[in-house]
Amino acid sequence: MGSIELDKITFSYGAAEAEPLFVDFSLTIPAGEWVAVTGPSGAGKTTLLKLIKGLLRPQRGKIRANSKVIPVRTLNHFAACVFANPENQIVSPVVAEDVAFALENMGLTPEVISARVEEALRWVGLWQRGKDFSHHLSGGEQQRLILAGALAQRKSCLLLDDPLSMVGGRSRTEMLTLLQSIHSEVSCTMVHTTHMLEDALAAQRLIALERGRVVFDGSPYAFLQKEELVEQLGMEVPAIAKLVEMLTKSGLAEPGEVASLEQLIEILTVLESEADNQTD
């Protein structure tokens, strides 16, 4: 697992005199934490991931991974990064070869590469497509392919830029379940950006950005209670938030009691059990 620290970062695109997106921006993500970063377009979500990975260089400030400062013009080798558009990240015409590409560059043996490719493709449900052409995959499958490539590297930190943007419906639920499985089983630090609050509810912590500033930092369910802030950011309140509000107003949950998806499920399970007992 890897910790991440941004220490008084200032960053701007273009000329030095351009208005900075981040000014003296500081953020600490402890090792093993799953953080969802949300906010409107232009808030700085993707830029934040690129800074952490080392793809962008801040004008001022330091970025640390596992307490080590990432030198200027150096990639953060503790982190694997998956961006929103998978087509721009697929480098091999064959599915299994694409997962193997980064591993070959890492200098791993063929035996290790083969084992990791199979493990990663099985994890994301693409093992049976290993010999297929990458461009024959659907958008959601391509996104899972890129995720497999990141998992195979076994980095201590996983950076995901809107990982559910190409999937919907049942596939979206399956992808969220996969991310939960990855976080619990790999025990990695995970940071994922999203513009949809439903995608942030499984995370342990939610950070909301607006024009490069942190306007909220806490549990996802605590953020749902900030109705004015959610509206200010132009975000849509998910149906599950209305359920939490209904439970609270009905006295079935204490204000602030629901701070995670697990707590909501626990409350609903207890209510269902009580209803069954009354029926018997």
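A: Start at Val99: setting aside neighbours within four places in sequence, Val99 is in contact (heavy atoms within 4.5 Å) with Val117, Ala120, Leu121, Leu145, Ala148, Gly149 and Ala152. Keep in mind that this is a predicted model, where local features need pLDDT of at least 70 and side-chain atom pairs count only at pLDDT 80 or more, while totals for chains, interfaces and linings use all residues. Numbering starts from 1 along each chain as its sequence is written, and side-chain values use heavy atoms, with hydrogens and water left out.

Val99 belongs to the largest nonpolar core, which has 55 residues; Val99, Leu121, Leu145, Leu147, Leu158, Ile182 and Phe223 touch the most other members. Such a core is a set of buried Ala, Val, Leu, Ile, Met, Phe, Trp, Tyr and Cys residues joined through side-chain atoms within 4.5 Å, and buried means under 20% relative accessible area (1.4 Å probe, protein chains only). Helix α4 (residues 139-152) gives the most to this core, with 7 residues. A 27-residue core lies apart from it, with Ile4, Ile9, Phe22 and Ala79 among its members.

Now for the helix pair. Helices here are DSSP runs of H or I, at least four residues, and strands are runs of E, at least two, numbered from the N terminus. Helix α2 (residues 95-105) packs against helix α3 (residues 110-123) at about 125°, with the axes 9 Å apart. Those axes are lines fitted to C-alpha atoms over the stretch in contact, and angles run from 0 to 180 degrees between N-to-C directions. That angle makes α2 oblique to α3, oblique being what is left after under 35 degrees (roughly parallel), over 145 (roughly antiparallel) and 65 to 115 (roughly perpendicular). On the α2 side the contact is made by Val95, Ala96, Val99, Ala100, Leu103 and Glu104; α3 brings Ile113, Arg116, Val117, Ala120 and Leu121.

Further out are the sheets. One is open, with 6 strands in the order β6-β7-β8-β3-β9-β10 and mixed pairing; two strands pair if DSSP finds at least two bridges between them. β6 (79-82) and β10 (213-218) are at the edges with a single partner strand each, so one side of each has no neighbour in the sheet. Inside that order, β7 (residues 157-161) and β8 (residues 189-194) run parallel, joined by 5 bridges, and Leu159 stands opposite Val191 in β8. The other open sheet has 4 strands, ordered β2-β1-β4-β5 with antiparallel pairing.

Note on methods: Buried means under 20% relative accessible area, exposed over 50%, partly exposed in between (1.4 Å probe, protein chains only).
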